[in-house]
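Please keep the model open beside you while you read.

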Amino acid sequence: MKNMNSQLKRFLAATIATVGMMPVLACAQADGGHVDHASMDMSSTDHGAGEAPAQGHDSSMGAMDHGDMQMQGGSAPLDARDPDAYSDGYVRNAGKYALPPSEKLVMSDMHNFGSVNFDRLEYVRAQGEEWAAYEGEAWYGSTYNRAVIKVEGEVASGKLQESKTQLLWRHVVSTFWDTELGMRFDHDRGAPNREWLAFGFKGLAPYWFEVDATAYVGPSGRTALGLKVEYDILLTQKLYLQPSVEVNFYGKNDERRGLGSGLADGTAGLRLKYEVTRQFVPYVGVEWSSKFGQTADYARAAGDAKQETRFVAGLSFRF
Amino acid sequence: MKRPTALAVPIPIVPRRRFVQGLAAGGVLLGLSPFVRAAGVRSDGTRTGSAAVLSGTEFNLEIGESIVNFTGNPRIATTVNGSLPAPTLRWREGDTVTIRVRNRLRETTSIHWHGIILPYQMDGVPGISFAGIPPGATFTYRFKVQQSGTYWYHSHSGMQEATGVYGAIIIDPLDSDPIQADREYVVQLSDWTDEDPMRVLAKLKMQGDYYNYSQPTAVDFFRDASQMGLKAALDKRKMWNEMRMSPTDLADLSANVLTYLMNGTTPAGNWTGLFRPGECVRLRFINGAANTFYDVRIPGLQLTVVQADGVNVEPVTVEEFRFGPGETYDVLVQPKDDAYTVFAQAMDRTGCARGTLATRTGLEAPVPALDPVEWLTMADMMGAMGTGGMAGMNHGAMPVAGASTLVHHARTEYGPSIDMRVDTPRTNLDDPGIGLRNNGRRVLTLADLHTVGGPMDPRGAEREIELHLTGNMERYAWSFDGVEYGRSTPIHFGYGERVRVILHNDTMMTHPMHLHGMWSELEAPDGQFQARRHTIPVQPAQRISFLVTADALGRWAWHCHLMLHMDAGMFREVVVA
């Protein structure tokens, strides 16, 4: 019980540390575009003014309330306009002059789209060992709701060594953020499979950081948290550096899978990618990976390295 | 491969009522030279001409598939009478025209008469004005022509207006034309993609900036930092990065997926219009592109704009004008030298359409280099706030007769369908727009347009409605008030009322807004009448207003004429009842 408690505390600490970022991100969502007048002094917009046409209009500032200006996110004020106010009760495909519903106009906002995106399909070499790794997702759905399959895994000696597969419902909650709700299935060669319920956030933080943070709950009180951040630094229009960081936390020890509670592992990667086309992107890169805490102890006991540097070469592709 | 031998036909030509069956075989479609993508590389002067001209009061149009080859890759286009662009229709004001449109496609089709005042059942928008024309069927359009000028027609079904179903309409005035010229040409600009346009949209759904290869790079950053200092370089990017908006989001599509056409001819094909030195030549410019704003100029010639959207305006002489899909401008030029380039660069500066005015075939004039890509400014993001001097703001001195300047965002503008809101829009009309400001040339602006004879209806606005143009570039979603068409309710105009419409652009793109069935009478911020239009471009962070006399009963479409924006949901139904 005591042990459980400390595990719980550690997990909570980790969760708070990581999830603590979420409100920040959420705020960033709300305030990222907030025109901060302290920083947006007119001198800093002068370059804009220099290019803007001089109009010679009356330019009195009148009663503009700068304090309320917020260009993104936020919530609607009470007196916000009703988007249906101009309809006067008219609807589409019924009533005067309307065509019947069987003839209704359906445009692509009502269509479903789909995409398959393999972010990593790579050959990995580290400490004399080599294997293949993959990570990708496929989605299908509308702008606001999509069914998503995410896959990730490693193949060595012609056999699938480990894999994580997620089936998710991705739902748009704000301009740049989606929630994901679903299931995750883990497969480890020589270890029991694990199933999890998954709930996470995915989106674009200010300064174009791609963030994916998901919490997991499994049977027997297992919990986990995964966080991934990725960034593209464009060197040219086609060549870019992609740093990424991924960390995983677990709520309690899972000795058979070599996972300890708390921060289990972290990986920092740097890939140099070249877009032959937007759909076909070969790359090379390097990754530093480390196991921490009890997870590191398990690895040591199993004779595995606690840390390793990996060289990767692979392909991103999508269609 | 057959090469076309016929020159571009000057208009007017001998009236040809007959159905032009031979056109496809005539090489307009097959004779296009492979277009070499690399800038500046042109093949020898293979030429295709303007579309054939059909005139009279009875027309037979057949919409089918044809093979085209603009890039070296044969593709299927949807065409009218086997021609791309579709035949030019020449009508006469006051006539009743009958147009039988036969559908030989495997999907529903339609023809919309862009800018033409007619009964709503003849307007040709499937799902709104009629049921569309099913495969194998013929629909007969019949209506009285109540106007004159330069217009165009196109399919309103699926993506057919991107794949070739567009053509010019010229309506001769009942009385003599006040615009006198020795010669005239239709110059119809369009864009072509070898890809299935639906696939293009799907790619934008994967990545909103899929086709933007003008994005800020680390190299740009270090160059800026060395030139303007680190802080200034960071400041320049701060807002964009915080807001996750791209300063080079000038067009969704680019030369990476489009081939720009002038009268159905690639830049390499070099469409050529002939003249005799000293003649006054009328050029009827039509932007029939699916997705491209063009900046048009003819180096060496002054352009006297005499008509906008088919309506005569007080002549204004400029060196360049920008127009978006749907808009038309008639321009008079008086060429004296042997050859001039008609240069129409895409707004995002990745490519151009190009043709030549020459005294004989085979002549060419230098083709200007594309202008550099300019970053959108704070004025494009924040409106009047971003101009520093607050130019264009009218808060302190609100005009008595003009549109309300008090911004009312819809409650649906606070959700995921939009990526920004503008609280301090600019209302001035004298901005040529991004990429054209201070370029050393006299560029047409909306403020330069004054329709001859004033407004059609002397009444002031009896009512005001405010609509916001909204979108989310990252998700590639477009809407009015944050609500896409599929979730929207119609907008009701009371029959006979004179209503003021305010369009407030909460995006960083320019949207050519086209209201079907009724004129949009653009006004200045102070309420002064400017011009009667059927398609009005609304710039980023701009708030414009126009008056509509709701004299056309029925259901009508109202949308952004960038086809992908329209299809993504920047579309409303209007009910006049």
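Residues are numbered from 1 along each chain as its sequence is written, and chains are lettered from A and ligands numbered from 1 in the order in which they are written.

Let us begin with confidence. The model scores ipTM 0.87 and pTM 0.87. The pLDDT is the predictor's confidence in each residue, from 0 to 100. Chain B has a mean pLDDT of 89, and 89% of its residues reach 70 or more. Residues 1-48 of chain B have a pLDDT below 50, and this stretch has 108 contacts in the model beyond near neighbours in sequence. Residues 389-400 of chain B also have a pLDDT below 50, with 43 contacts beyond near neighbours in sequence. Here a contact is a pair of residues whose C-beta atoms, placed from the backbone, lie within 7 Å. Where pLDDT is low, the predicted coordinates should not be read in detail.

Chain A comes next. Its secondary structure comes to 4 helices and 13 strands, which are DSSP runs numbered from the N terminus (helices are H or I with at least four residues, strands E with at least two). Of the 319 residues in chain A, 32% are buried. A residue is buried if 20 or more other C-beta atoms, placed from the backbone, lie within 10 Å of its own C-beta. Among contacts in chain A with a separation of 6 or more, 47% join residues 24 or more positions apart.

Now to the helices of chain B. In helix 1 (residues 197-206), the buried residues are Pro197(B), Val200(B), Leu201(B), Lys203(B), Leu204(B) and Lys205(B). Their cover includes strand 1 (113-126) of chain A and helix 5 (563-568) of chain B.

Helix 2 (residues 218-228) and helix 3 (residues 230-243) of chain B pack at an angle of about 130 degrees, their axes 6 Å apart. The axes are lines fitted to C-alpha atoms over the stretch in contact, and angles run from 0 to 180 degrees between N-to-C directions. Helix 2 and helix 3 of chain B are therefore oblique to each other, the class left over once angles under 35 degrees, over 145 and from 65 to 115 are taken out. From helix 2 of chain B, Phe221(B), Asp224(B), Ala225(B) and Met228(B) make the contact, and from helix 3 of chain B, Leu230(B), Ala232(B), Ala233(B) and Lys236(B).

Which loop residues deserve a look? Most residues other than glycine have a negative phi, and most peptide bonds are trans. Leu84(B) and Pro85(B) are joined by a cis peptide bond, with omega about 0 degrees. Pro85(B) sits in the loop between strand 3 (75-80) and strand 4 (86-92) of chain B, and Asn81(B) also lies in the loop between strand 3 and strand 4. Asn263(B) has a positive phi near 50 degrees, and so does Asn270(B), at about 50 degrees. Asn263(B) is in the loop between strand 11 (259-262) and strand 12 (271-274) of chain B, and Asn270(B) is found in the loop between strand 11 and strand 12.

| Residue | Other C-beta atoms within 10 Å |
|---|---|
| Asn263(B) | 29 C-beta atoms |

Conventions
This is a predicted model: local features need pLDDT of at least 70, side-chain atom pairs count only at pLDDT 80 or more; totals for chains, interfaces and linings use all residues. A residue is buried if 20 or more other C-beta atoms lie within 10 Å of its own, exposed if 12 or fewer, and partly exposed in between; C-beta atoms are placed from the backbone. Two residues are in contact if their C-beta atoms, placed from the backbone, lie within 7 Å.
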